[in-house]
Number of protein chains: 2
Amino acid sequence: MRQGNSEGTELPAGRPDLAERFAYWQSQLFDPAHCPVRSVLDQVGDKWSMLILIALAAGPRRFSALARLLPDISKRMLTQTLRGLERDGFVEREVFATKPPSVEYRLSDLGSTLLDPLAQLVRWAERSHPAIRSAQTRFDAAGG
Amino acid sequence: MRQGNSEGTELPAGRPDLAERFAYWQSQLFDPAHCPVRSVLDQVGDKWSMLILIALAAGPRRFSALARLLPDISKRMLTQTLRGLERDGFVEREVFATKPPSVEYRLSDLGSTLLDPLAQLVRWAERSHPAIRSAQTRFDAAGG
DNA sequence: CAGCATCCGTGCGGATACTG
DNA sequence: CAGTATCCGCACGGATGCTG
(Lines give C-alpha, C1' and ligand atoms only; values in the text may rest on other atoms or scores of the structure.)
Protein backbone atom coordinates (compact mmCIF):
# COMPACT_ATOMS: atom_id res chain seq x y z
CA MET A 1 0.00 0.00 0.00
CA ARG A 2 2.93 2.30 0.50
CA GLN A 3 3.55 4.36 -2.62
CA GLY A 4 0.57 2.63 -4.19
CA ASN A 5 -1.98 5.42 -4.56
CA SER A 6 -3.92 4.82 -7.71
CA GLU A 7 -4.95 8.32 -8.74
CA GLY A 8 -3.84 11.91 -8.49
CA THR A 9 -6.72 13.94 -7.13
CA GLU A 10 -6.05 12.85 -3.57
CA LEU A 11 -2.73 13.61 -2.23
CA PRO A 12 0.11 11.90 -0.47
CA ALA A 13 1.97 15.17 -0.33
CA GLY A 14 4.06 15.68 2.75
CA ARG A 15 4.00 12.79 5.20
CA PRO A 16 1.74 9.96 4.12
CA ASP A 17 2.24 7.92 7.29
CA LEU A 18 1.12 10.78 9.51
CA ALA A 19 -1.84 11.36 7.22
CA GLU A 20 -2.86 7.73 7.48
CA ARG A 21 -2.55 7.79 11.25
CA PHE A 22 -4.67 10.95 11.28
CA ALA A 23 -7.41 9.25 9.29
CA TYR A 24 -7.44 6.43 11.80
CA TRP A 25 -7.62 8.81 14.79
CA GLN A 26 -10.43 10.63 13.09
CA SER A 27 -12.35 7.41 12.57
CA GLN A 28 -12.04 6.92 16.33
CA LEU A 29 -13.32 10.46 16.91
CA PHE A 30 -9.93 11.35 18.40
CA ASP A 31 -10.68 9.27 21.43
CA PRO A 32 -7.55 9.65 23.59
CA ALA A 33 -7.46 5.86 23.92
CA HIS A 34 -6.54 5.71 20.23
CA CYS A 35 -5.08 9.15 19.51
CA PRO A 36 -1.60 9.62 20.99
CA VAL A 37 -1.59 13.31 20.19
CA ARG A 38 -4.48 13.74 22.57
CA SER A 39 -3.51 11.24 25.25
CA VAL A 40 0.22 11.72 25.53
CA LEU A 41 1.14 15.06 24.07
CA ASP A 42 -1.44 16.81 26.18
CA GLN A 43 0.23 15.60 29.34
CA VAL A 44 3.82 16.17 28.28
CA GLY A 45 2.85 19.39 26.53
CA ASP A 46 2.11 21.25 29.73
CA LYS A 47 4.25 24.05 31.03
CA TRP A 48 6.86 22.09 32.98
CA SER A 49 6.93 18.37 32.06
CA MET A 50 9.40 18.59 29.20
CA LEU A 51 11.81 20.82 31.08
CA ILE A 52 11.73 18.50 34.08
CA LEU A 53 12.36 15.45 31.91
CA ILE A 54 15.31 17.21 30.28
CA ALA A 55 16.60 18.28 33.67
CA LEU A 56 16.51 14.63 34.76
CA ALA A 57 18.26 13.53 31.57
CA ALA A 58 21.59 14.37 33.19
CA GLY A 59 20.84 12.05 36.09
CA PRO A 60 18.77 11.68 39.25
CA ARG A 61 17.97 14.82 41.17
CA ARG A 62 16.45 15.62 44.51
CA PHE A 63 13.33 17.70 44.87
CA SER A 64 15.12 20.84 46.00
CA ALA A 65 17.79 20.36 43.35
CA LEU A 66 15.10 20.31 40.68
CA ALA A 67 13.56 23.40 42.19
CA ARG A 68 16.90 25.17 41.85
CA LEU A 69 17.33 23.97 38.27
CA LEU A 70 13.96 25.48 37.33
CA PRO A 71 14.35 29.00 38.72
CA ASP A 72 10.77 30.10 38.29
CA ILE A 73 8.81 26.99 39.21
CA SER A 74 6.76 26.87 42.38
CA LYS A 75 6.90 23.95 44.76
CA ARG A 76 3.26 23.35 44.02
CA MET A 77 3.80 22.92 40.28
CA LEU A 78 6.99 20.93 40.77
CA THR A 79 5.18 18.45 42.99
CA GLN A 80 2.15 18.30 40.75
CA THR A 81 4.12 17.83 37.54
CA LEU A 82 6.37 15.20 39.10
CA ARG A 83 3.28 13.33 40.27
CA GLY A 84 1.91 13.34 36.75
CA LEU A 85 5.19 12.13 35.29
CA GLU A 86 5.40 9.44 37.96
CA ARG A 87 1.85 8.36 37.26
CA ASP A 88 2.63 7.99 33.56
CA GLY A 89 5.70 5.94 34.46
CA PHE A 90 8.21 8.47 33.10
CA VAL A 91 9.98 9.14 36.41
CA GLU A 92 10.61 7.06 39.50
CA ARG A 93 10.49 8.41 43.01
CA GLU A 94 12.67 7.09 45.79
CA VAL A 95 12.40 8.20 49.40
CA PHE A 96 15.44 8.05 51.66
CA ALA A 97 14.62 7.78 55.36
CA THR A 98 17.18 10.34 56.39
CA LYS A 99 16.45 13.12 58.81
CA PRO A 100 15.20 15.34 57.38
CA PRO A 101 13.96 13.03 54.64
CA SER A 102 15.18 13.40 51.08
CA VAL A 103 13.49 12.28 47.90
CA GLU A 104 15.21 11.48 44.66
CA TYR A 105 13.64 11.50 41.21
CA ARG A 106 15.09 9.69 38.25
CA LEU A 107 14.02 8.89 34.71
CA SER A 108 12.51 5.43 34.30
CA ASP A 109 13.44 3.25 31.35
CA LEU A 110 10.23 4.37 29.69
CA GLY A 111 11.00 8.01 30.38
CA SER A 112 14.48 7.61 28.93
CA THR A 113 13.03 6.42 25.64
CA LEU A 114 11.29 9.76 25.32
CA LEU A 115 14.59 11.61 25.29
CA ASP A 116 15.45 10.70 21.73
CA PRO A 117 12.31 11.98 19.98
CA LEU A 118 12.32 14.90 22.39
CA ALA A 119 15.89 15.78 21.47
CA GLN A 120 14.93 15.67 17.80
CA LEU A 121 12.12 18.10 18.44
CA VAL A 122 14.38 20.39 20.45
CA ARG A 123 17.01 20.39 17.75
CA TRP A 124 14.35 21.22 15.19
CA ALA A 125 13.13 24.05 17.39
CA GLU A 126 16.61 25.46 17.73
CA ARG A 127 17.28 25.21 14.01
CA SER A 128 13.94 26.78 13.16
CA HIS A 129 13.96 29.49 15.75
CA PRO A 130 15.49 32.19 13.51
CA ALA A 131 13.04 31.42 10.71
CA ILE A 132 10.14 31.52 13.14
CA ARG A 133 11.21 34.83 14.60
CA SER A 134 11.50 36.46 11.18
CA ALA A 135 8.16 35.00 10.12
CA GLN A 136 6.58 36.51 13.22
CA THR A 137 8.19 39.87 12.53
CA ARG A 138 6.95 39.83 8.94
CA PHE A 139 3.46 38.79 10.00
CA ASP A 140 3.21 41.47 12.66
CA ALA A 141 4.63 44.13 10.37
CA ALA A 142 2.05 43.25 7.72
CA GLY A 143 -0.63 44.08 10.24
CA GLY A 144 -1.76 40.53 10.90
CA MET B 1 34.46 17.31 26.65
CA ARG B 2 32.24 14.50 25.47
CA GLN B 3 32.86 11.39 27.56
CA GLY B 4 35.46 13.35 29.41
CA ASN B 5 33.97 13.66 32.87
CA SER B 6 36.74 13.53 35.41
CA GLU B 7 34.94 12.10 38.42
CA GLY B 8 32.05 9.88 39.29
CA THR B 9 29.76 11.88 41.52
CA GLU B 10 28.36 13.83 38.59
CA LEU B 11 26.67 12.00 35.88
CA PRO B 12 26.29 11.99 32.13
CA ALA B 13 23.62 9.35 32.36
CA GLY B 14 20.91 9.57 29.76
CA ARG B 15 21.28 12.23 27.13
CA PRO B 16 24.34 14.45 27.60
CA ASP B 17 23.52 16.76 24.69
CA LEU B 18 20.11 17.60 26.10
CA ALA B 19 21.69 18.13 29.50
CA GLU B 20 24.20 20.56 28.03
CA ARG B 21 21.49 22.45 26.23
CA PHE B 22 19.53 22.61 29.46
CA ALA B 23 22.49 24.15 31.28
CA TYR B 24 22.70 26.80 28.60
CA TRP B 25 18.98 27.61 28.77
CA GLN B 26 19.27 27.82 32.51
CA SER B 27 22.14 30.25 32.26
CA GLN B 28 19.82 32.39 30.14
CA LEU B 29 17.12 32.10 32.81
CA PHE B 30 14.97 30.18 30.29
CA ASP B 31 14.41 33.32 28.31
CA PRO B 32 12.21 32.19 25.39
CA ALA B 33 14.61 33.94 23.05
CA HIS B 34 17.19 31.28 23.90
CA CYS B 35 15.09 28.35 25.16
CA PRO B 36 13.25 26.55 22.35
CA VAL B 37 11.19 24.51 24.80
CA ARG B 38 9.63 27.72 26.02
CA SER B 39 9.40 29.62 22.76
CA VAL B 40 8.37 26.96 20.29
CA LEU B 41 6.94 24.02 22.16
CA ASP B 42 4.59 26.24 24.11
CA GLN B 43 2.99 27.42 20.88
CA VAL B 44 2.83 24.06 19.14
CA GLY B 45 1.92 22.36 22.41
CA ASP B 46 -1.52 23.90 22.60
CA LYS B 47 -4.68 21.93 22.12
CA TRP B 48 -5.02 22.05 18.34
CA SER B 49 -1.79 23.09 16.58
CA MET B 50 -0.29 19.63 16.21
CA LEU B 51 -3.50 18.07 14.97
CA ILE B 52 -3.96 20.82 12.41
CA LEU B 53 -0.39 20.46 11.18
CA ILE B 54 -0.89 16.71 10.82
CA ALA B 55 -4.19 17.28 9.05
CA LEU B 56 -2.38 19.51 6.57
CA ALA B 57 0.38 16.96 6.10
CA ALA B 58 -1.81 15.19 3.55
CA GLY B 59 -2.10 18.33 1.47
CA PRO B 60 -3.78 21.77 1.36
CA ARG B 61 -7.21 22.06 2.90
CA ARG B 62 -9.89 24.72 2.97
CA PHE B 63 -11.18 26.20 6.18
CA SER B 64 -14.40 24.26 6.25
CA ALA B 65 -12.60 21.07 5.22
CA LEU B 66 -10.32 21.45 8.23
CA ALA B 67 -13.33 22.05 10.42
CA ARG B 68 -14.80 18.76 9.23
CA LEU B 69 -11.52 16.94 9.79
CA LEU B 70 -11.44 18.10 13.41
CA PRO B 71 -14.92 17.11 14.55
CA ASP B 72 -14.91 18.90 17.87
CA ILE B 73 -13.11 22.15 17.08
CA SER B 74 -14.95 25.44 17.08
CA LYS B 75 -14.59 27.96 14.28
CA ARG B 76 -13.13 30.32 16.82
CA MET B 77 -10.30 27.99 17.81
CA LEU B 78 -9.69 26.90 14.23
CA THR B 79 -9.25 30.50 13.13
CA GLN B 80 -7.17 31.41 16.13
CA THR B 81 -4.87 28.39 15.87
CA LEU B 82 -4.43 28.84 12.13
CA ARG B 83 -3.49 32.48 12.73
CA GLY B 84 -0.86 31.42 15.23
CA LEU B 85 0.56 28.83 12.86
CA GLU B 86 0.56 31.35 10.05
CA ARG B 87 2.29 33.92 12.23
CA ASP B 88 5.02 31.41 13.05
CA GLY B 89 5.41 30.65 9.36
CA PHE B 90 4.24 27.04 9.60
CA VAL B 91 1.22 27.39 7.34
CA GLU B 92 0.43 29.62 4.38
CA ARG B 93 -2.96 31.12 3.72
CA GLU B 94 -4.27 31.76 0.23
CA VAL B 95 -7.54 33.54 -0.50
CA PHE B 96 -9.43 32.78 -3.70
CA ALA B 97 -11.70 35.60 -4.87
CA THR B 98 -14.57 33.29 -5.67
CA LYS B 99 -18.13 33.97 -4.62
CA PRO B 100 -18.51 33.08 -1.88
CA PRO B 101 -14.80 33.37 -1.11
CA SER B 102 -12.75 30.31 -0.25
CA VAL B 103 -9.49 30.15 1.68
CA GLU B 104 -6.91 27.45 1.43
CA TYR B 105 -4.31 26.56 4.02
CA ARG B 106 -1.16 24.63 3.26
CA LEU B 107 2.02 23.71 5.09
CA SER B 108 4.93 26.01 4.36
CA ASP B 109 8.41 24.62 3.75
CA LEU B 110 9.22 25.44 7.34
CA GLY B 111 6.08 23.73 8.56
CA SER B 112 6.90 20.64 6.54
CA THR B 113 10.23 20.30 8.29
CA LEU B 114 8.36 19.88 11.54
CA LEU B 115 6.62 16.76 10.30
CA ASP B 116 9.63 14.52 10.72
CA PRO B 117 10.39 15.18 14.39
CA LEU B 118 6.67 15.29 15.01
CA ALA B 119 6.18 11.88 13.42
CA GLN B 120 8.97 10.50 15.61
CA LEU B 121 7.21 11.81 18.68
CA VAL B 122 3.88 10.38 17.54
CA ARG B 123 5.41 6.99 16.86
CA TRP B 124 6.99 7.04 20.31
CA ALA B 125 3.63 7.94 21.81
CA GLU B 126 1.92 5.07 20.03
CA ARG B 127 4.60 2.60 21.03
CA SER B 128 4.57 3.80 24.63
CA HIS B 129 0.85 4.08 25.04
CA PRO B 130 0.33 0.58 26.46
CA ALA B 131 3.16 1.03 28.96
CA ILE B 132 1.79 4.41 29.99
CA ARG B 133 -1.69 3.05 30.51
CA SER B 134 -0.49 0.21 32.68
CA ALA B 135 1.74 2.56 34.66
CA GLN B 136 -1.26 4.78 35.29
CA THR B 137 -3.34 1.82 36.38
CA ARG B 138 -0.63 0.69 38.76
CA PHE B 139 -0.17 4.17 40.17
CA ASP B 140 -3.87 4.71 40.73
CA ALA B 141 -4.31 1.25 42.24
CA ALA B 142 -1.48 1.94 44.68
CA GLY B 143 -3.47 4.90 45.94
CA GLY B 144 -1.26 7.59 44.48
C1' DC C 1 13.54 18.87 53.32
C1' DA C 2 9.62 17.70 50.80
C1' DG C 3 5.61 18.29 50.47
C1' DC C 4 0.08 19.51 51.16
C1' DA C 5 -3.85 22.92 51.74
C1' DT C 6 -5.88 27.00 50.49
C1' DC C 7 -6.90 31.01 48.02
C1' DC C 8 -6.98 33.38 43.88
C1' DG C 9 -6.03 35.63 39.15
C1' DT C 10 -5.47 34.84 34.42
C1' DG C 11 -6.08 32.88 30.06
C1' DC C 12 -7.38 29.04 27.27
C1' DG C 13 -10.94 27.46 24.94
C1' DG C 14 -16.20 26.49 24.18
C1' DA C 15 -20.94 28.37 22.76
C1' DT C 16 -23.53 31.51 20.44
C1' DA C 17 -24.78 35.23 17.40
C1' DC C 18 -23.58 38.26 13.73
C1' DT C 19 -21.06 39.87 9.05
C1' DG C 20 -18.77 40.53 4.15
C1' DC D 1 -17.94 30.34 3.07
C1' DA D 2 -14.89 32.16 6.23
C1' DG D 3 -14.57 34.42 9.39
C1' DT D 4 -15.41 38.27 13.74
C1' DA D 5 -17.40 39.65 18.23
C1' DT D 6 -18.93 38.74 22.72
C1' DC D 7 -19.74 36.29 26.78
C1' DC D 8 -18.36 32.97 30.06
C1' DG D 9 -16.79 28.63 32.65
C1' DC D 10 -13.10 26.40 34.18
C1' DA D 11 -8.68 24.56 34.69
C1' DC D 12 -3.93 25.81 34.84
C1' DG D 13 -0.80 27.69 37.49
C1' DG D 14 1.23 31.28 41.01
C1' DA D 15 1.59 32.88 46.10
C1' DT D 16 1.42 31.97 50.68
C1' DG D 17 1.23 29.37 54.93
C1' DC D 18 1.46 25.08 57.43
C1' DT D 19 3.27 20.11 58.52
C1' DG D 20 6.02 15.49 59.33
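Residues are numbered from 1 along each chain as its sequence is written, and chains are lettered from A, with ligands numbered from 1, in the order in which they are written. Because the model is predicted, local features need pLDDT of at least 70 and side-chain atom pairs count only at pLDDT 80 or more, whereas totals for chains, interfaces and linings use all residues; side-chain values use heavy atoms, with hydrogens and water left out.

In the protein interface, 69 residues of chain B are in contact with 70 residues of chain A (contact: heavy atoms within 4.5 Å). The area buried between the two chains is about 6100 Å², and carbon and sulfur atoms give 68% of this area; buried area is the accessible area (1.4 Å probe) that two parts lose on being put together, summed over both. Across this interface 8 salt bridges are found, a salt bridge being a side-chain nitrogen of Lys or Arg within 4 Å of a carboxyl oxygen of Asp or Glu. One salt bridge joins the side chains of A:Arg87 and B:Asp140, at 2.4 Å from N to O. The interface of chain B and chain A also has 17 residue pairs in polar contact, both residues at pLDDT 80 or more (polar contact: a pair of N or O atoms within 3.5 Å; within protein, one must be able to donate a hydrogen and the other to accept it, and residues adjacent in sequence count only if both atoms are side-chain atoms).

On the side of chain B that touches chain A, two or more residues each come from α1 (16–27), α2 (36–44), α3 (49–57), α4 (63–69), α5 (75–87) and α6 (109–141) of chain B. Helices (H or I, at least four residues) and strands (E, at least two) are DSSP runs, numbered from the N terminus. The largest share, 25 residues, is given by α6(B). By class, this side of chain B has 40 nonpolar, 12 polar and 17 charged residues; Ala, Val, Leu, Ile, Met, Phe, Trp, Tyr, Cys and Pro count as nonpolar, Asp, Glu, Lys and Arg as charged, and the others, Gly among them, as polar.

DNA strand C is surrounded by 19 residues, the closest being A:Ser64, A:Lys75, A:Arg93, A:Tyr105 and B:Arg76 (near: a heavy atom of the residue within 4 Å). A phosphate oxygen of DNA strand C lies 2.7 Å from a side-chain N or O atom of A:Arg93, and a polar side-chain atom of B:Arg76 is 2.6 Å from a base oxygen.
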